[in-house]
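Please open the structure in your viewer and keep the selection tool at hand.

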Amino acid sequence: MPRRRRSRRVSLSTVLVIVLAVAVWVYLYGPEGMRSEAGGGWTFPGQSAPATSAPLDPATLDPDLAALVVAGPASTAPYDRARFGEAWADVDGNGCDTRNDVLIRDLVDIAFRADSNGCIVRTGTLHDPYTGAVISFTRGPDTSEAVQIDHVVPLSYAWQHGASTWAPERLAAFANDPANLSAVDGPANQAKSDSGPAEWMPPASGYACTYVDRFADVLLSYGLTVSPEDFDAIASVDSGCP
């Protein structure tokens, strides 16, 4: 009898081990388990999957965003700012260079240099969209840089995503297109450099929707591609916009 009871206890223990092993296998590999197919870490029930593991549903995208062509850099040719022509050329022929055109559009309380025929901004006030700061602008070698003109889609970004094949006239038009230009806080512009939305967004979160819309609109207008990372960043912001 003792031997029979001991044999029964061993048998039950073995069954429990087997059942437990099967349950663990089903949990990890069966239909209820959620292992990342991309080889990422485990995602247990009740835990959100990493944002990058969930593909965007084209049906939920803004139609304009869905029209963007997602691709890596299209050119390995070295970027050269000079290929885009003279900086701040008067491409529209109104007698004012592009920098002053943008300052006139974006600043308030403007005063012009007396001998400039209403072209050269001497002072003004910028309500900076990138930081939300109010910046006093005074033209001068030590003060002008407080307000800079940003290319929403940077020239080097455009170059890598399709502009390297353009004719000089189109390059110059792009570099001076008001739709791609904003007067902004100088340090914020320097921090942005040639980054896309995946690497840099305006510190003022309330401007995020406008910023990604402008970025996408410029890409579409000029037939430029967008990197996968920047597309995801744009779509992520856009999904929370009105």
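Helices here are DSSP runs of H or I with at least four residues, numbered from the N terminus. The contact, with heavy atoms within 4.5 Å, is made by Ala208, Cys209, Val212, Asp213 and Phe215 of helix 7 and by Ile234, Val237 and Asp238 of helix 8. This is a predicted model, in which local features need pLDDT of at least 70 and side-chain atom pairs count only at pLDDT 80 or more, while totals for chains, interfaces and linings use all residues. Residues are numbered from 1 along each chain as its sequence is written, and side-chain values use heavy atoms, leaving out hydrogens and water.

Next, select Ser227, which sits in the loop between helix 7 (208-222) and helix 8 (228-238). Is Ser227 buried or exposed? Ser227 is buried, with a relative accessible area of 9%, where buried means under 20%, exposed over 50% and partly exposed in between (1.4 Å probe, protein chains only). Leaving aside neighbours within four places in sequence, Ser227 is in contact with Val70, Ala71, Tyr157 and His161.

Finally, move to Lys192 in helix 6 (residues 186-192), which is buried with a relative accessible area of 0%. Among the residues that Lys192 touches, not counting those up to four places away in sequence, are Tyr130, Asp150 and Trp200.

Conventions:
Helix = DSSP H or I, 4+ residues; strand = E, 2+ residues; numbered from the N terminus.
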